[in-house]
Every structure is written in C-alpha cells, then in structure tokens.
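Welcome! Take a look at it first, then read on.

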Amino acid sequence: MSHPGPAPSPLPVSLLDLSGQLGRLAAAALRERFPDAAAVPAELALSPAARPEFGDLQITGCLQLAKPLGQKPRELATLVHARVAGHPAVAKAEIAGPGYVNLTLSTAFIEGCLASLPSDPHHGIRQVHAGQRLVIDFSSPNIAKPMHIGHIRSTIIGDALQRVLRAVGYAVTADNHLGDWGTQFGKLIVAYRSWLDRAAYERDPIGELVRLYQRFVTEEKAQAEALGAAKAPPPPQAAGEGAAAAASNEDDSDEEDSAAVTPLLKAARAELAKLQQGDPENLTLWREFVTVSLREFDKTYARLGVRFDTVHGESYYHDHLAALVEELIAKGVAEPSRGAVVCPVEGAPAPLLVRKADGSFLYGTTDIATIEYRVRTYDPSRILYVVGVPQQLHFQQLFAVARKLGVRCELEHIMFGSMRFRGSDGGWTTGSTRKGNVPLLDEFIDEAVRRARSVAAEKNPELSAADLDEVARIVGVGAIKYNDLSRDRLADMNFDLDKALSLEGNTAPYMQYAYARLRSIARKAAAPGEGDGLASAAALSLREPAERALGRKLLDYPGAVEQVARTTRPHQLCEYLYELAGAVSVFYNEVPVLKAPPAERGARLLLLDRVAQTLKHGLGLLGIEVPERM
C-alpha cells in the first residue's frame with residue numbers, strides 16, 4: 001500500500017526554506033520506494049537552474065543515486081517529480097535530460113517572499129547559528145609601527161567576515177591580537193634613548209618610532225659589517241613563528257642568529273630582558289609606545305569603519321607562559337630538546353618551539369595561551385584566524401598542539417594571499433617597514449579619497465563641497481575594500497587604484513552608483529507633482545518577465561550570505577551583488593518606471609526599493625557604505 005508521504009509545510013517565505021521543503025519531499029519519495037536504501041539522504045539538494053529556460057531550480061540528485069539504487073535516473077526523477085510538482089510554490093515541474101527535475105516557481109511565491117522583507121529585521125537571512133559563539137582574530141598590527149598596506153587584507157577580510165557571521169546568528173567576539181611584545185622593543189628602547197628627536201616625536205610619534213627603528217637596523221648592520229659578521233639565514237623553525245608579524249607582511253627577523261653579537265644588539269637584548277623582568281623605566285616606556293600606537297590605530301580603524309570587541313596583545317598572556325610550558329611538559333605534549341622545549345607535531349616538518357634554550361618564549365607559546373584563554377572565557381564553537389598564507393605551517397602546528405590539550409572547538413586558519421603595489425621601479429612589491437618602502441595605510445586611504453573626489457566632481461558638478469567630501473570618503477574607502485573582497489582571498493593581488501575606482505565592471509563605485517541611481521528614482525517619484533512614490537503601490541506585483549527576473553534574483557540574497565558564512569569567502573557575496581546590479585540594469589532597459597501607468601509604476605518602485613535595500617544591506621555586510629547621491 002502506498003503512502004502519500006508528509007504533507008507540505010505552510011508556504012515558506014524564503015527560497016532557502018522552500019528548497020529545504022522540496023528537498024525533503026524529494027528524498028521522502030525515494031525512501032518510500034526504496035525503504036532499505038541507505039544511500040538516500042534526508043534531503044536532496046536543489047541548485048539554481050543552469051539556464052533560464054530550465055526554470056528556477058534543479059534537482060540533480062537522481063543522477064548520483066541511480067547507481068546505488070540500481071535504477072535509471074529518469075525513473076527516479078519520475079518519483080521525485082510526482083511528489084514536488086504539487087507543491088503550491090511550484091508553478092511547473094518537468095523531467096529533462098538524463099534525469100534532471102526542473103522547477104519553475106510561482107510568481108505568487110516570489111511576490112510573497114518579497115512582501116515579507118520589510119518586516120524582517122534580518123533581511124531574509126536565517127539565524128541558522130543563533131546561540132553559537134565564535135571568536136575571530138584579525139588585523140593584528142605591531143605596536144610602534146604605523147599600519148601600512150600589508151595590514152589591509154587581514155583587516156578588511158576579517159571585518160567583512162565578522163559582519164557576515166553576525167548576520168547568520170553567531171555571537172561574535174572580534175579580537176585584535178596586537179604584536180606588543182618581543183625583541184623589537186629592546187631595539188626600540190635603545191634607539192629611543194640614543195637618537196630621539198623630541199619635536200618630531202611630539203608631531204608624529206609613530207613616524208618617529210619607525211625612524212628610530214630603521215636607524216637601529218641600519219646602525220646595527222653597520223656594526224655587524226665592521227665586525228665581519230654576516231647575518232646567517234633564519235633557521236627553519238622561524239618560518240612557523242611570528243604569526244602577527246607575517247600577517248602584516250613584516251620581516252623583522254630576530255638577529256640573535258647572527259655570527260657575532262654586535263654592541264647594539266647586545267644592548268637591545270639587555271633592555272628587553274629588563275622589560276620582561278618588570279623594570280619600571282622600561283615598562284613605562286613600553287606603555288607609552290603602546291598608548292601612542294593604539295591612538296593612531298584607532299584613527300585608522302575609524303576611517304575604515306572597523307571595530308573590535310576586545311584588544312589583547314601578546315603581553316596580555318606573558319605572565320602565563322612559564323606555567324603553560326610546564327603544563328605542556330606534564331601532559332606529554334612538549335618535551336626538552338637541546339636545552340629548549342618543543343611540541344612534536346605529527347606530519348609537520350618541524351616541531352613547534354615553545355621555549356628557547358635561554359628561557360625566552362615565542363609567538364607559538366603566546367598563541368597556545370591565547371587559545372586556552374578564548375576557550376575558557378568565551379566557550380566558542382569556532383575560532384577563526386585571518387592570517388596570510390605564509391603562516392600555514394604555524395597554524396598546522398598550533399592547532400595540533402591545541403587538540404592534544406583537549407581543545408574541541410573548530411580552529412580555522414582563514415588564509416589570504418599577498419597584496420602587492422607599484423614600487424619605485426614600477427614593478428609589483430609587498431614592501432617592508434624595515435626598509436621603509438611600503439605605503440602607509442592612511443596615506444593610501446588619502447590617495448583613494450582624493451581620486452574619488454576628483455571623479456565625483458567631474459561626474460556630478462552640482463554636488464556641494466560637503467556632499468562631495470562625503471561621497472569621496474565613502475567611494476574612496478569602499479573602492480579599497482571592494483577591490484580586495486571581490487577577489488578570492490587565497491589569490492595574490494596587484495592593487496591598481498585606477499581600476500578600483502572605475503565606474504565600470506565589478507567595482508565599489510559601480511555598485512554604489514547602482515544604489516544611488518535607485519535612490520534618485522525614488523526621490524523623483526516622490527517629488528511634488530510626480531505622484532505619491534511608493535505609497536501609490538497597493539502591493540508588489542511582478543507582471544513583466546523583467547520584473548519577475550529581478551524579483552527572482554532578490555530571493556538568492558540570503559543564500560549568498562549563508563554561503564559566505566559557510567565558506568568564509570566574501571567574494572561570493574560580491575559576485576551576487578554584482579549580478580543583482582546587472583539585473584536591475586536589464587530591468588531599466590526593458591520596462592519603464594516613472595512613465596509607467598500608476599499601478600505598474602507603484603509596483604515597480606516597490607521592487608526597486610527592495611533592490612536598493614538589498615544592495616545597501618549586502619554592501620554593509622562587506623563594511624562598505626553607500627551614498628544617497630553620487
């Protein structure tokens with residue numbers, strides 16, 4: 001005796017929920033025919049149709065299940081088709097090709113989904129991770145050095161991810177793990193006491209600290225050359241150390257591996273030892289370096305619209321490191337090795353060094369302590385580290401050690417490639433703070449805003465000076481962010497500011513202009529003598545093919561956001577928003593809006609309002625603002 005199967009749930013108000021309903025119905029149809037088959041999942045996946053003539057959605061699972069079920073794909077498709085065709089949200093269902101089930105959604109369903117958006121505070125995005133805590137570690141600049149272009153990828157990618165992850169329900173703790181401890185401070189203290197220009201320091205404290213650091217490097221190198229002591233290359237372990245420095249493209253190697261210790265380096269080590277032992281004068285100076293650095297960092301973060309929930313540097317964990325190493329040894333996770341202490345890691349080319357022979361600790365030691373603190377304090381289900389590709393080995397080692405200590409939450413290294421810019425020779429380079437050939441981040445933002453202002457003034461000379469400044473700020477910063485986020489984070493990128501500011505192609509100005517144009521249409525519709533704008537529409541109605549196509553595209557937005565939360569690849573949201581902006585351009589070409597009859601005019605204004613709100617919300621999840629006029 002056949003059974004009708006589970007009754008469809010009430011008509012859903014999102015495409016994702018509908019896909020789940022249809023997928024479960026399809027799977028139920030197969031399970032009833034093959035009750036003992038373990039191959040049938042609880043839900044068959046639905047995907048967007050490959051081409052518009054195939055409808056809106058496709059079920060392809062019958063092709064994969066044919067072999068394990070011993071049936072022809074089209075026979076399975078017949079079972080699925082019979083079950084899903086009667087769903088009230090499906091206008092048409094048909095079997096195609098070797099066993100696809102193509103579905104066309106009812107226009108009423110699309111209209112209903114769009115009508116529900118204004119009352120949804122989440123803009124249609126499901127809170128699938130509500131109740132879960134997540135920690136994301138990003139940016140991580142070094143104290144006493146200005147933020148430069150090398151910091152931008154971790155900062156921008158991390159900020160976009162924290163926004164997206166909050167949007168799907170996570171309780172997110174954004175942590176800026178500062179590089180505020182280590183050998184560079186011994187060098188800086190020596191340089192500060194030896195060569196400080198007080199007037200320059202008061203004008204630009206970070207700039208003067210960088211000058212002092214660079215002078216130390218130059219003077220110490222000269223001493224080494226005078227002694228005939230060439231620098232030895234760093235040992236293999238160094239490739240897995242210094243996550244914070246590598247995240248910001250720093251190349252501050254610890255010179256203690258030089259063939260001979262110079263007087264300057266000896267003095268720096270002595271000052272570092274005093275700092276680590278709590279010397280009051282050195283601690284006071286170190287705190288001053290931290291204070292002036294954070295003041296400058298906060299200004300830059302404010303310009304970028306980036307915020308953190310907590311800011312803990314490496315120094316925050318320093319007092320716990322000695323006990324941590326003893327814990328690692330006691331639990332059999334670490335072992336002595338030639339006077340040092342290492343954590344062997346199966347499958348890694350080298351162990352993780354956690355204490356040197358001289359008793360000092362490393363980035364890896366601090367990172368283990370940080371994981372323990374985050375797990376104990378926040379009880380997260382996931383911890384994400386937005387750090388460059390070169391630190392892959394470091395995180396492989398770190399996560400392996402954490403697992404041995406009993407950490408069970410997901411630990412994820414969100415890798416990204418390098419950002420290169422034009423060097424003085426015209427070639428592409430990542431630059432170096434120590435060599436003084438890397439653009440400072442604030443200078444980079446200034447240049448983007450300046451060029452954006454020039455373009456905006458040319459395109460819209462009617463803007464007031466104040467409006468022009470605001471548009472330039474929004475477009476300039478947005479161009480920097482979108483140029484990064486619109487590319488797969490794993491790829492290296494050559495940053496071309498001219499392309500980033502273009503009004504054509506997949507750029508922030510193009511997206512921002514698309515939004516500004518939509519707002520301009522809404523203002524014209526609401527102007528005196530032009531009708532009542534949105535108020536003239538009783539309901540959103542999709543009568544023309546172009547209207548339906550645009551409305552259908554809007555339904556994909558929550559899925560695009562969930563995809564980014566799942567894959568941690570923001571470029572997938574950029575791709576969706578670019579496609580949405582393209583769909584509205586097609587809409588403009590095919591149907592009138594302001595000159596349409598009153599009923600159609602109001603409905604189309606409602607549809608365009610939904611598009612504008614989606615563009616604004618989606619760009620907002622990327623940390624990008626939109627101008628009302630442009």
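Helices (H or I, at least four residues) and strands (E, at least two) are DSSP runs, numbered from the N terminus. This is a predicted model, where local features need pLDDT of at least 70 and side-chain atom pairs count only at pLDDT 80 or more, while totals for chains, interfaces and linings use all residues. Residues are numbered from 1 along each chain as its sequence is written, and side-chain values use heavy atoms, with hydrogens and water left out.

- Strand β11 covers residues 382-386, and five of the five are buried, so the strand is largely enclosed by the rest of the structure. Buried means under 20% relative accessible area, exposed over 50%, and partly exposed in between (1.4 Å probe, protein chains only).
- Each face of β11 is covered, with R382, L384 and V386 buried on one side and I383 and Y385 buried on the other.
- Strand β5 (residues 133-137) runs parallel to β11, joined by four bridges; two strands pair if DSSP finds at least two bridges between them.
- D137 has Y385 in β11 as its bridge partner.
- Strand β12 (residues 410-414) also pairs with β11 in the parallel sense, over five bridges, and here L384 stands opposite E412.

- Three strands make up an open sheet of mixed pairing, in the order β14-β13-β15. Its edge strands, β14 (428-429) and β15 (493-494), each pair on one side only.
- Strand β13 (residues 419-422) and β14 run antiparallel and are joined by two bridges, with R422 opposite W428 in β14.

**Two helices to look at**

- Helix α13 (residues 363-378) has 16 residues, which at 1.5 Å a residue should span 22 Å; its end C-alpha atoms are 22 Å apart, which agrees. The expected span is 1.5 Å times one less than the number of residues.
- Among the buried residues of α13 are D367, R374 and Y378.
- R610 lies in helix α22 (residues 598-621) and is buried, with a relative accessible area of 10%.
- Leaving aside neighbours within four places in sequence, R610 is in contact (heavy atoms within 4.5 Å) with residues including L114, P118 and L554.

**Nonpolar cores**

- A nonpolar core is a set of buried Ala, Val, Leu, Ile, Met, Phe, Trp, Tyr and Cys residues joined through side-chain atoms within 4.5 Å.
- The largest nonpolar core has 154 residues, and L103, L209 and L622 have the most contacts inside it.
- A second, separate core of 31 residues includes V333, I383, F399 and L405.
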